[in-house]
Amino acid sequence: MRTSRKLLPVLVVVAALIPVGAISAGASRDHHRVGHVTVPDEDRFAPFAITIRAGDAVKWTNNDSDDHTVVSDDAFNTAGHQGENQLLPSGQSIVLVFRHPGTFVYYCRFHAHLDRSNQPVAPGPDGGIQDANGNFGTPMSGVVTVLPNS
Ligand SMILES: [Cu+2]
């Protein structure tokens, strides 16, 4: 206890000598910006494509009454998070931080599946939602582009 009381004035002086710029640079390294993707009250990700910088995060929020998922399409992913397979329950959010540049292609496994070329395709009559024109819609998928943090 006596030792720490003696050290306190020294620590205050040391802290005062650290340039303000060094403190804010350290703080900004931990504070990443967040890009937002929502599921509106229908089976799609909005926006479909989002661009962020390395070190930023993407937050998916499900505003639909149904549960959805965020599943990595590993054939195309170069931005990390290979094997990602997360439930995105109704009314909830998930966050992924992207540490390096590349692309993160993803889909919802409840409302799309991958064809032989690893492209997300609509589930069709076995689970798709048919519109008035008889179409099963756009497969529920999206892409995150991560640019270098320069
Ligand atoms: Cu879905």
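The model is predicted: local features need pLDDT of at least 70, side-chain atom pairs count only at pLDDT 80 or more, and totals for chains, interfaces and linings use all residues. Residues are numbered from 1 along each chain as its sequence is written, and side-chain values use heavy atoms, with hydrogens and water left out.

The protein chain holds two helices and 10 strands. Both terms refer to DSSP runs, numbered from the N terminus: helices are H or I over at least four residues, and strands are E over at least two. From the N terminus on, the order of elements is α-α-β-β-β-β-β-β-β-β-β-β. Of the 150 residues, 33% count as buried. Buried means under 20% relative accessible area, exposed means over 50%, and partly exposed lies in between (1.4 Å probe, protein chains only). The accessible surface of the chain comes to about 9300 Å², and 55% of this belongs to carbon and sulfur atoms. Such areas come from the Shrake-Rupley method with a 1.4 Å probe; for residues, only the protein chains shown count as cover. Contacts were also examined by their separation in sequence. Among contacts between residues at least 6 apart in sequence, 61% join residues at least 24 apart. A contact means heavy atoms within 4.5 Å.

Strands of a sheet pair through backbone hydrogen bonds, either parallel or antiparallel. Here two strands count as paired if DSSP finds at least two bridges between them.

β2 and β10 pair in the parallel sense over five bridges. Within this pair, isoleucine 52 stands opposite valine 146 of β10. Strand β7 (residues 102-107) runs antiparallel to β10 (residues 141-147), and six bridges join the two. Valine 105 has valine 143 in β10 as its bridge partner.

Strand β3 (residues 57-62) pairs with β6 in the antiparallel sense over five bridges. Valine 58 stands opposite leucine 96 in β6.

Serine 93 is also found in β6. Its relative accessible area is 35%, so serine 93 is partly exposed. Serine 93 and lysine 59 are 34 residues apart in sequence, yet 6.6 Å apart in space, C-alpha to C-alpha. Leaving aside neighbours within four places in sequence, serine 93 is in contact with Lys59, Trp60, Thr61 and Leu88.

The largest nonpolar core has 20 residues. Such a core is a set of buried Ala, Val, Leu, Ile, Met, Phe, Trp, Tyr and Cys residues joined through side-chain atoms within 4.5 Å. Phe45, Trp60, Val70, Phe98, Phe104, Tyr106 and Val144 have the most contacts inside it. Aromatic residues also group together: Phe45, Trp60, Phe98, Phe104 and Tyr106 form one cluster. Rings of Phe, Tyr and Trp (its six-membered ring) pair if their centres lie within 6.5 Å; planes under 30 degrees apart count as stacked, over 60 as edge-to-face and the rest as tilted. The whole structure has five aromatic pairs.

Some backbone features lie in loops. A cis peptide bond, with omega about 0 degrees, joins alanine 46 and proline 47. Proline 47 lies in the loop between β1 and β2. Histidine 81 is not a glycine, but has a positive phi of about 65 degrees. Histidine 81 lies in the loop between β4 (68-72) and β5. Asparagine 118 also has a positive phi, near 65 degrees, and lies in the loop between β8 (113-114) and β9 (120-121).
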